[in-house]
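Welcome! Have a look at the sequence and the model first.

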Amino acid sequence: MAKKSAREKLAVEKQIKKVVLEKPFGGIQVGQTMLVATPQMVDADIRDIPPGETLTVPDLRANLARAEGCDGTCPMSTSIFVRMVAEAAIEDLEDGKQVSEVSPFWRVIEGKDKIAKRLAIDPAWIDEQRALEAG
């Protein structure tokens, strides 16, 4: 069976989960509600970041949690989904799409971030996109 592309992984419909924690996790305390978002939610939130603005992954998680009435968002799944969004955008760029047509993952990932080093793109390109948008 062929390995799924990032775009295919991103397209898989998942359901959001809201979990009341029995143990503290990711800065969320016992009894608080943790959101496990979906790849599509993360993609939509990244696409909603205006050009020239950036968010950290923790800020993105806080926005997702707030929108769903939760105390926090799972840091592990969110990081996985941010990477998935970035990889799908990179595939789109490799297939000839314009920068303006892909999910602007550079608004959440900086070239120095650990996740940037795992992507199939030069981290300097990410910083270049941030600089271009910052004006």
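## Salt bridges

Glutamate 68 has a relative accessible area of 26%, so this residue counts as partly exposed. The model you are looking at is predicted. Side chains of opposite charge can pair when their charged atoms come close.

Which residue does glutamate 68 meet in a salt bridge? The partner is lysine 18, at 3.5 Å from N to O. Lysine 18 sits in strand E1 (residues 17-20), while glutamate 68 belongs to the loop between helix H3 (57-67) and strand E3 (72-73), so this pair ties together parts that are 50 residues apart in sequence. Lysine 18 is partly exposed too, with a relative accessible area of 47%.

Salt bridges that share partners also join Arg7, Glu91, Asp92 and Asp95 into one network. Arginine 7 pairs with glutamate 91, with the closest N and O atoms 3.8 Å apart. Because arginine 7 is in helix H1 (residues 6-11) and glutamate 91 in helix H4 (residues 75-94), their contact links parts 84 residues apart in sequence.

Arginine 7 also forms a salt bridge with aspartate 92, and here the closest N and O atoms are 2.6 Å apart. Aspartate 92 lies in helix H4 and arginine 7 in helix H1, so this pair ties together parts 85 residues apart in sequence.

Is aspartate 92 buried or exposed? At 10% relative accessibility, aspartate 92 counts as buried, whereas arginine 7, at 34%, is partly exposed.

The whole structure holds seven salt bridges, including these:

| Salt bridge | Closest N to O |
|---|---|
| Arginine 7 – glutamate 91 | 3.8 Å |
| Arginine 7 – aspartate 92 | 2.6 Å |

Technical notes:
Residues numbered from 1 in each chain as written. Predicted model: local features only at pLDDT ≥ 70, side-chain atom pairs only at ≥ 80, totals over all residues. Heavy atoms only, no water. Salt bridge = Lys/Arg side-chain N within 4 Å of Asp/Glu carboxyl O. Helix = DSSP H or I, 4+ residues; strand = E, 2+ residues; numbered from the N terminus. Buried < 20%, exposed > 50% of the residue type's maximum accessible area, 1.4 Å probe, protein only.
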